[in-house]
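Hi,

Here is the structure I promised to pass on.

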Amino acid sequence: MIPTNAPALAPLIFLFAALIIPLAAFKVRRLAWVLAIAAAAAAAAVSVWNIFRVLESGTFHYRFGGWPPPLGIEYVLDPLSAFITAVINLTALVVLVHSHLTVAAELPERKHVPYYALVMLMMSGFNGIVLTGDFFNLYVFLEIASLALYGLIAVGDRKSPVAAFRYLVIGMVGGGFYLLGVGFLYINSGSLNMADLKAILPAVGAGPEIIVALCFMVLGFGIKMALFPLHGWLPDAYTYAPTATSSLMAPIGTKIGAYGLLRVLFFVFGVNFVTRTVPLAQVVSWLAAAGILYGSIMAMAQDELKRMLAFSSIAQVGYIGLGIGLANSLGLLGAVLHVLNHGLMKACLFLVAGNFRLRLGHSRIRALDSGARRRMPWTSAAFTLAALSMIGLPPTVGFFSKWYLALGTIRNRSWVFLAVILASSLLNAVYFFRVIERLYLRPALRDNEGREAEGRTEAAPSMLLPTLVLAASLIVIGLLNAVIVNGLLVRFLPPGLEIVFP
Amino acid sequence: MSAPAAPSLLPLLAVLVSLAAVPLILLSSRSPRLRETWTLAAAAAKFGLVLALLPGALRGRIAVFDLFEIVPGVRLELRADPLGVLFALVASGLWILTSLYSIGYTRGLNEHKQTRYFAFFAVCLSATVGIAFAANLVTFILFYEILTIATYPLVIHKETPEAVSAGRKYLAFTLSAGVLLIAAAAWSFLLVGDLDFKPGGIFSGAALAGKTAVPLFLLFLGGVGVKSAVMPLHSWLPTAMVAPTPVSALLHAVAVVKAGVFGLVRVVAFVFGPDLLRRFHLDTVLIVFAVTTILVGSLLALRQDNLKRRLAYSTVSHLSYIILGTALLSGPALIGALLHLAFHATMKITLFFCAGAIYVRLHRENVSELNGIGKAMPWTMAAFTLGSLGLCGVPPLNGFLSKWFLGSAAVGTGRPLLAGVLILSGLLNAAYLLPIVQRSFFRRGSGLEGRREASPWMVVPLVLTAVLTLVLGLFPGTFHRLAGRVAAGIFGG
């Protein structure tokens, strides 16, 4: 029974966890975290297992309630959705392990149970968005995830309600645009199913309603993925949200928008439509390139580590957007691989920021010095490795993202974009070495009696371990990238963009 | 001519042995003697492993170790071909002497953070041998970038504001070069779908148009030109002299800069191939850069009072000898270039060792302060004299040989003017090096009462490298045969 229901399993596990946690943890609050970990572990196991099933026997279709597709809701487990769900569920598992102490430190105790319930709800939404084959169902999950996320942001520090409100407004507008787009499509085609629409659209033609629908949907996903200049909600939300929220949102949240964009552009409308009929892919690539430069330059000017990472995320989402916008196989491979790579890097970096906050009481760049590094040598080492990966040095994952994206730009003869990618890696070097220099070279502050603060106060094992696991994965996944790309990712490429490596 | 390949673990072990020493060095941070033992053991083992590869390379049996696919279509692969063995031999051999010297230097100055110093030194050597044995462009880039990053902690070792800003400059130059190299490799991959170095060029079979070949070559040149200090990309090198002297000696006169030049030889002879370069006159471009660098580098060296900076500009100039020899695109010229790659290393490392010994013993860094030190430090200054004469090209030292090959090849390829450039540069070498010798022996100094040689840890290595310049000048056989094999593989006969 389980095998046939596998596509629906991951979102349902999270959904049930979201319902069970408030009930079960009513008496014993500590149970909330345990249940959340259990759910995330189960979902991660299911999604990794799904990858192997997809590799073995191709795409799975699951009909909810047994209703056949155009009418009923269909879940599709193909190589792309299997990969993305595995990435987000594994990342969520690692971050949730880390979250135990930061949530305990940052939130009042009565909020712990609802907090974990909301995390589960958000993850359920994200999984649903990735797995559904139905545009309206996608909207439902988009709203579930967003509403949960508003709550998760708003429980942060003093400024977080404002950030959450801002995200609420902008996010609602994004969701609204998407829904309007879906409405236009439905009126003109009579279908909400992605596969069905793909078959119908060529017959419908490129009427103005269809073009408007496409533009609205791209706009909606653009806001969700913080594509420049629709990123306004992101910096405050990442900065003021609790550590656990920002380390879940940064590696996972924006990627969901990117995934939606990828689905709509290449799996429903098709390469020809989005590059020739309506050159939206080109628009996306130019916006992404602008976002890469903007995010990197803004990141240099930040004093708060989390805020620097937030702007860096805008730039990194730009990489993904650029890969999508290039609309060739190499660019798409780069974009999808970067979903994984950036997820790992950014999760690691946000966990480092969380460790600093908990142990040093702050994560302000200007206040970091070699004293902080001596107190937290492993956390600092993890930061350095993740920073080198962000710069794109081999054999870390960052290098390989850069490699595929560079191949994609050269394939299109887009020299400007190639220059942007290369320049961005130097800009990354500037703002990450700014932190590394402080951590390793700036003499430690001395207290009034002229002594340095003594002793190691490295983060607790439950925080350090996830950080180090992510840091180590940057090298392991980097070296294994050919296995992932050749084994799995080349299979997701949409029709018209297949690739065979020599 | 493609040589038979033999699967062998040796290239991998040669790369990894110094990397394996890193955790041991880190774990023995509290016991300096143990830490130094690990470094010396790793250095000796590395040299032994490279030596074990030498007979095969000389006989034309190339040891290959194939690891796994690193990106689709390209494998992580090590290949100890004659060119790689030549470079690895120089780097690993001189590492032993540098390690001995480092021990004397760090003890003499009571340096801080010696664990970090020795650990990153070992990483650098792993990366260098990795560069030497890289079988394709992606593997090359992997080690090239590791070398960039692993050198940074050594450049900023002193942690003074000056050192930190030198480190920034170093990173700005080398990381920019790295991204250009990545772009060039990616472009090449899309053009021919194969990045394995081949004698005669990856592109030899592909009909590249000029509008592809020229910008692609310039990208490559930007990528390897920074580490090989081609003007105007050289300015990081004199700045990086703020690093401890053993770092300047091995990395900024041998490993890092020669990795750049080595990369250039790979690009010219194993990626583009002579025919393609001639067709688009890219060899002339390279010659113009090299000649400019040789002459301007020498002239700038004349103006430096700081001894290490003077040596750095001298390095800039001598690296372009190798580039010039490569750009001439003939067998004898390439042999001259590769001999100079090896021989310049022994000469320049001697001079840097001497500069470090003087600094440790007398705390003097400027040429104008060196009057009369020959009497206090006779062995050091004798070695300095030998190294200087070698760089000027005086027979029978090894510098004469490589220059002779380069000069005669310049005449042989119909460019006698370039031989004139080499002679002029030889005179400039004499003009900026010999006055130091003259000052130290024939002028009266002050404040030298009771000053003696530096510790034997430092004097023995520098005397050995000086003797090496003489020995290699008299018996250049092995290097000549290796270089001859490389040249034969590319130019035939």
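First, the rule for a salt bridge: a side-chain nitrogen of Lys or Arg within 4 Å of a carboxyl oxygen of Asp or Glu. Across the interface of chain A and chain B, that rule finds one. The partners are B:Arg168 and A:Glu437, whose side chains come together at 2.6 Å, N to O.

Before you read on, some housekeeping: this is a predicted model, where local features need pLDDT of at least 70, side-chain atom pairs count only at pLDDT 80 or more, and totals for chains, interfaces and linings use all residues. Residues are numbered from 1 along each chain as its sequence is written, chains are lettered from A and ligands numbered from 1 in the order in which they are written, and side-chain values use heavy atoms, with hydrogens and water left out.

Back to the interface. Chain A puts 33 residues into the contact and chain B 32 residues, contact being heavy atoms within 4.5 Å. Between them the two chains bury about 2,800 Å², with 79% of it on carbon and sulfur atoms; buried area here is the accessible area (1.4 Å probe) that two parts lose on being put together, summed over both. On the chain A side, A:Trp403, A:Glu437 and A:Leu441 lose the most area to chain B, together 23% of what that side buries.

Then there are the rings. A search of the whole structure gives 36 aromatic pairs over all chains; rings of Phe, Tyr and Trp (its six-membered ring) pair if their centres lie within 6.5 Å, and planes under 30 degrees apart count as stacked, over 60 as edge-to-face and the rest as tilted. A:Phe228 and A:Tyr294 make a tilted pair, 5.0 Å centre to centre with 40 degrees between the planes. A:Phe228 sits in the loop between α8 (208–224) and α9 (234–240) of chain A and A:Tyr294 in helix α12 (residues 280–300), so the pair ties together parts that are 66 residues apart in sequence. (Helices, H or I and at least four residues, are DSSP runs numbered from the N terminus.) A:Phe228 is partly exposed, at 21% relative accessible area, and A:Tyr294 is also partly exposed, at 27%; the classes are buried under 20%, exposed over 50% and partly exposed in between (1.4 Å probe, protein chains only). Ring pairs also link A:Phe135, A:Phe136, A:Tyr139, A:Tyr178 and A:Phe221 into a cluster.

Last, B:Ser126 in helix α4 (residues 114–133) of chain B: this serine is buried, at 4% relative accessibility.

Cheers

Definitions and conventions:
Helices (H or I, at least four residues) and strands (E, at least two) are DSSP runs, numbered from the N terminus.
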